[in-house]
Amino acid sequence: MGTLGWLLQWPIRALVLLVVAALPLGVELASFGTALWAAVLIGLLGTLLILPLKVVMGPVWAITSLGGLISPVSFLFNWIITVVLFGLAAWLIQGFRLKNGLISAILGAVVYSVISAVVLRALGIADVDFTRAALIGSSA
């Protein structure tokens, strides 16, 4: 996907974040501008932190999934990384708040990932996976 595809994704992901904030999940956003910055930051954090997170979580993943043989465990670790990225973005951006802490981070990240993937696929903007971590692959 080219640069234009990434640039088009950010405002769409910001709108998805506003939808997530409108749901009773405990995710609060001050404005569209806050949502846009959050979408950009989640994307950048995902790009920069996926490999380090997988390295840190790798030994636990390898043991619990039997080296990737048990795919539900790999799927769970990908979701954990997605929740970490979502929570980190909320912690870093003023006006992006997780009212119920970890529960809001989990629910918000899951809903954000699923809706983003569905909308972006429907628009034909990107071939995205349901979790950003899955883009790197399932091995640590």
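Which residues do ring pairs link into a cluster? They are F86, F96 and Y112. Before we walk through them, note that this is a predicted model, where local features need pLDDT of at least 70, side-chain atom pairs count only at pLDDT 80 or more, and totals for chains, interfaces and linings use all residues. Residues are numbered from 1 along each chain as its sequence is written, and side-chain values use heavy atoms, with hydrogens and water left out.

A search of the whole structure turns up two aromatic pairs (rings of Phe, Tyr and Trp, the last by its six-membered ring, with centres within 6.5 Å; planes under 30 degrees apart are stacked, over 60 edge-to-face, the rest tilted). F86 and F96 have ring centres 5.4 Å apart and planes at 90°, so this pair is edge-to-face. It links distant parts of the chain, 10 residues apart: F86 sits in helix α3 (residues 71-92) and F96 in strand β2 (residues 96-98). Helices (H or I, at least four residues) and strands (E, at least two) are DSSP runs, numbered from the N terminus.

F86 also pairs with Y112, this time tilted, at 5.9 Å centre to centre and 45° between the planes. That pair ties helix α3 to helix α4 across 26 residues.

Buried or exposed, then, for F86? At 1% relative accessibility, F86 counts as buried, and F96 is buried too, at 3%. The cut-offs are under 20% relative accessible area for buried, over 50% for exposed and partly exposed in between (1.4 Å probe, protein chains only).

Helix α4 (residues 102-123) also holds L102, which counts as exposed because its relative accessibility is 58%.
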